[in-house]
Amino acid sequence: GLAQGRFFARMDGDDICYPERFERPVAMLGLRQEIDLLGFGAIVFNGSGQAVGKLPMRLDHAEICKRPWAGFYLAHPTWMGRTEWFKKHPYRQDALRAQDQDLLLRTHRHSQFSALPDILLGYRQESVSLSAVLRGRFYFSFTLYRQMIEGRDWKLIRGLLEQPLKGLVDAFAVGTGLNYRLLQHRAMPIDEKTRNDWEEVWVTVNAFPPAVHPKLAINRSGV
């Protein structure tokens with residue numbers, strides 16, 4: 001609500017930007033006026049800085065919105081969009097752990113989403129907590145139900161039926177320690193170049209205090 005700029009970007013306070021995290025999305029949004037919301041690729045890393053995979057993603061609006069009842073592959077920490085779009089479509093505070101999916105679900109029919117293939121952010125994830133995963137599924141189910149009733153979109157019932165089954169898969173994956181092998185919606189494999197690029201960013205971030213580093217935009221405060 002306080003933003004005055006042309007574009008609005010958001011990320012989590014414990015994530016790490018690559019040097020071009022703002023430059024490339026701004027350039028794309030400037031070139032393609034029809035895009036309301038843009039995302040990009042992100043590495044998943046643990047507390048020691050080790051890359052464990054990358055977040056799955058889709059690049060064009062049709063693919064991002066192909067199965068709205070199952071969620072949208074447009075990672076929340078990577079978002080950058082037009083400020084006027086965010087002000088027109090504010091977050092619902094009561095959506096709790098599904099604010100991003102709730103917003104995408106409400107707007108995908110009359111908005112334009114896209115994503116850059118570049119990996120421009122490191123997404124910190126210490127571990128996969130089953131309780132957190134199941135809470136997320138519960139709140140996403142609530143979001144589906146509300147949008148199904150308010151928008152009279154009865155196709156979303158498929159998501160309500162799928163969520164309990166996916167919860168069972170989550171429980172098995174976490175219980176057996178096969179988190180990233182079975183939960184491919186949480187982290188996909190990465191190649192050697194991608195891993196090396198991330199390690200360079202990680203080393204650089206930890207070599208300089210955030211306040212004086214000339215290239216990397218680092219957000220540790222949640223602002």
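**A tryptophan and its surroundings**

Modeller: Trp 154 counts as partly exposed, because its relative accessibility is 48% (buried is under 20% relative accessible area, exposed over 50%, partly exposed in between, with a 1.4 Å probe and protein chains only). The model is predicted: local features need pLDDT of at least 70 and side-chain atom pairs pLDDT 80 or more, whereas totals for chains, interfaces and linings use all residues. Residues are numbered from 1 along each chain as its sequence is written, and side-chain values use heavy atoms, leaving out hydrogens and water.

Trp 154 lies in the loop that links helix 5 (130-150) to helix 6 (157-176); helices (H or I, at least four residues) and strands (E, at least two) are DSSP runs numbered from the N terminus. Together with Tyr 145 and Ile 149, Trp 154 makes up a nonpolar patch on the surface, and the three share about 330 Å² of accessible area (Shrake-Rupley method, 1.4 Å probe, only the protein chains shown counting as cover for residues). Patch members have over 30% relative accessible area and no salt bridge; nonpolar side chains (Val, Leu, Ile, Met, Phe, Trp, Tyr) are joined within 5 Å, like charges within 9 Å. A salt bridge is a side-chain nitrogen of Lys or Arg within 4 Å of a carboxyl oxygen of Asp or Glu.

Of its 223 residues, 45% count as buried.

Thr 194, Trp 198, Val 201, Trp 202 and Val 205 are its buried residues. Seen down the axis of helix 8, these fall within an arc of 100°, so they line one face (the arc is that of directions from the axis to the C-beta atoms). On the face of helix 8 turned away from the buried side are the exposed Glu 192, Lys 193, Glu 200 and Val 203.

Strand 3 (residues 37-45) and strand 4 (residues 51-54) run antiparallel and are joined by three bridges (strands pair if DSSP finds at least two bridges between them). Phe 45 has Ala 51 of strand 4 as its bridge partner. Five residues lie between the strands of this hairpin, where Gly 49 adopts a positive phi near 90°.
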